[in-house]
Amino acid sequence: MREEKQRPPAGNGYFLRAEGITKVYSDGTVAVKDAQLEIHPREILGMLGENGAGKTTLTKILSGLLPPTKGRVISPRGPVKFASPREALDFGIGMVHQHFALVGTFTAAENVALSHERPFTRIQLARTKKRLERLMEESGLRVPLDVPVEKLAVGEQQRVEVLKVLSREVDLLILDEPTSVLTPLEVDELFALLSRLKDAEKSIILITHKLKEVQSITDRIVVLRHGEMVGDVRTVDATTEQLAHLMVGEALEEEADAVELSDEELPTHKERGEARRSGEGLLHVVDLTAKGNTGEIAVDGVSFDVYAREIFGIAGVEGNGQTELVESLTGLRVPIKGTATIEGFNILGKDPREIYRLGVAHIPEDRWELGLVLPFTLAENAILGVHRWEEFRGPLSFLRWRKINQHVRQLMDRFEIQATGPSAPAKSLSGGNQQKLIVGRELAKDPAIIVAAQPTRGLDIGAAHYIRQTLLEMRDNGRAILLVSADLDEVLALSDRVAIMYEGKFMTVCSPADLDRETVGMLMGGVTAKEAA
Amino acid sequence: MSGTKGASQSRFLRGVHRTLTGLHPALESLLAGVVGLLIGAILMYIWGFDPWKAYLALFKGAYGGSYEFSSSLARGTPLILTALTFSICLRAGMFNIGAEGQMYMGGIASVCVALFVLPPGLHQIVGLIFAAFAGAVWSLVPAFLKLTRGVHEVISTIMFNWIARWLALYIAIFLLVDPRRAEKTLSIPVSARFPVLVRGTDLSYTIFLSIAFALVIYFILWHTTVGYEVRAAGLNPTAARYGGIKNKRTMFLSFVLGGVAAGLAGATIVMGLPPTYAIYGGGALPQLTNLGFDGMAVAMVGRNHPIGIIVAALFFGGLNAGGRVMQFYGSNPVPLEMVRVVMGAIVLAMSIPELIRLFPMLKKQGTEFIELLRRIGRRKDRRQSA
């Protein structure tokens, strides 16, 4: 069967070329805009970009997982079109996703056999195993074949994924953020493997946001920003500053205008910097260390204060511990070390309800999973977390629906929530209105501290603007706000102080005025100012 | 198939799809009921019975007069309670199949009131408390296993149903047996019996107990903070945790409430079903068997809403009561099993809207499968030509 495969000629020319690829998702988001990309044989191509820059979407199109809205992919033999990842695999393109697609209770051999389209028989399994052993010999990629993969370390699981793709004898291997789950030693091993694969006439696309990595291993780097291809440079020619600059882009003001943050509405950075901050803040965090879902250290000894009358922003590429940090502070995750105090009371490991009682409001990152009970009505959602308050609870813990509905109507008025009424199901609301409902509910608690995680993600400009204004208003009313956002412009524009988080640590804490785009880009990519200098 | 025909056909299918998925839950239940009866009719026809006559007999026997109606209500009385057991736990996000076993324990516990003398009124209350307590205790073990060890409630409650069945049988035969009539337990004294509501029928005041309990559950679930927490945790446990709700507490609570309901279901049979006011042990608990499982069907048709459950229980009670009449209906004696077939068909039909909701997904998989077949075909062609 392999002989039948159409093989592009190796050596000269290109292996695959993407022309004018555009992807518009059904909700109208333009993920990739008119991207041109050429992949050469025997090359490691780095794909660099922030969250939502379109890296994953573009590679998903190349690997047949998504159809492009416009544009085409051509090989030297003419245009190719993949209706499924399997067709792309048949052609010789394989992708290792950020979230592994392994059956936990199956062994490595079984997982690989499963990915082939032949029946899952004992003979087939034995054949797969023999082939895998040969492949492991050739590639130096070793994994235990007879252990259920759920018992393997994350790095080993990733190797199983790579083996799975290699066993299909691909020519182009795409790896989506492969190092985010690996230990430094495992990263070294992976990179050694990639070099060997390159020597074996394979092409590799490495998606990452880590500048150091991309510079250490790739031959060529393409940079994506907001779905557009903004750079295509040879690695030897590129400087760290240049890459950082390409990644995070130009001019803050310009971007700020685009989200309608004008100067009159925002105090200038200078003014903000003058506010005196000393002693312990309203929220006082010391040496907070927490593990992620896979058991790795996600938040690594972070200390900071959030003072009244300020927005403390945390910027950084997602998956660098921000989620775990927020969860630890709001009672959803039990950290392994450290303290976080509000008025001398340690909140770490406490129940969310106790933390709310101390005056904390939490605008969660995931509004569908955490923030709302979607089948519930507007009214039912509006009391989530405050349903035991005296205001809404009568004798015998009966809910006072009349009061609640009244409260909801007030919220709808004050926060401009468009809905047919308090009894409309929350899932019938648009994303913006859902978020306004959450923001309204949380602010109605009259909190002293507001933890806002990705408060404007996925919202249209109007709703995002409204929520940013509300946060600024709350700041001016003397609240302490912890803002976590992957939207760099948002964090820089709103925060009085900003921390850049990378691999569980703060790279720096300073006023946004003291940061230029280049430095931010480098810090987000894990390069400290000293290293860059 | 021509292209236009294909397009119009798919439009038609989409229309049907939209209509069916947009149905009000009550209509879905109604539809399921009709489909179930239709399937029953087809089967009766195949076996040479006259479905029309049979259903006429069935409905006459179920709702044809005050005697028949009372008898249907009496059959529905315990079903309301066992259905509530299932529904409360489902609302809390769990699949509690333990109503059967908890109901056995409740029934046995209420027979115990035969052992002592109390004034009427108090005697009944004590009996109910016994039954509720026994049902709740029987639900505690699966609840604890789930909360502390993560044992899935489906497995543990099924096991506990069997334990309860044989334990109840043992107690009925050896401990509480009527010394004069070995096939049944002691009959509870008159002071502990619920009086008959309609003279000459077996409908007693327990129907009010069932309906009142359903209403109480309705108020708890939709009008108290506790019920709010139970429903929130059932629909989205993560959001509930974010809202400061302790999911383990809501699970525990719903299990206990469900146990109480099932225990009371057992009590309605012992204390409110003339003429024996006892449990027949010798015949392997014939009065109790399957009440818990039928309750699950009632809960599904009643859409897990206490009010819906009351209506659905009346319907299922009617099927049970009418089925007995259908069996003896002169020229056309349809066996009682046919009623169980209809019940099964209704339960299956209840899942039709859910299936249709999956339709787009099925369609996608179907096209993928066809594509796969085509590819294999192509490959064969190529191999042959090569």
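## Conventions

Two strands are taken to pair if DSSP finds at least two bridges between them, and the elements themselves are DSSP runs numbered from the N terminus, with helices being H or I of at least four residues and strands E of at least two. The model is predicted, so local features need pLDDT of at least 70 and side-chain atom pairs count only at pLDDT 80 or more, whereas totals for chains, interfaces and linings use all residues. Residues are numbered from 1 along each chain as its sequence is written, while chains are lettered from A and ligands numbered from 1 in the order in which they are written.

## Strand β3 of chain A and its partners

Strand β3(A), residues 43-49, is mostly covered, with 6 of its 7 residues buried (a residue is buried if 20 or more other C-beta atoms, placed from the backbone, lie within 10 Å of its own, exposed if 12 or fewer, and partly exposed in between). β3(A) pairs in the parallel sense with β8(A), residues 203-208, over 6 bridges, and A:I44 stands opposite A:I204 of β8(A). To β9(A), residues 220-225, β3(A) is joined by 5 bridges, again with the strands running parallel; here A:L48 stands opposite A:V223.

## The antiparallel sheet of chain A

An open sheet of 4 strands in chain A has the order β12-β11-β14-β15, with antiparallel pairing. Its edge strands, β12 (297-306) and β15 (345-346) of chain A, each pair on one side only. Between β11(A), residues 283-291, and β12(A) there are 6 bridges in the antiparallel sense, and A:L283 has A:V306 of β12(A) as its bridge partner.

Helix α11(A), residues 322-329, packs on this sheet and touches β11, β12 and β14 (337-342) of chain A, where a contact means C-beta atoms, placed from the backbone, within 7 Å. The direction of α11(A) makes about 60 degrees with that of β12(A), the axes being lines fitted to C-alpha atoms, for helices over the stretch in contact, and the angles running from 0 to 180 degrees between N-to-C directions.

## B:K53 in chain B

B:K53 lies in helix α3(B), residues 51-63, and counts as partly exposed because it has 16 C-beta neighbours inside 10 Å. Leaving aside neighbours within four places in sequence, B:K53 is in contact with B:Y329 and B:N332. The C-alpha atoms of B:K53 and B:E28, which are 25 residues apart along the chain, are separated by 26 Å.

Conventions: Two residues are in contact if their C-beta atoms, placed from the backbone, lie within 7 Å.
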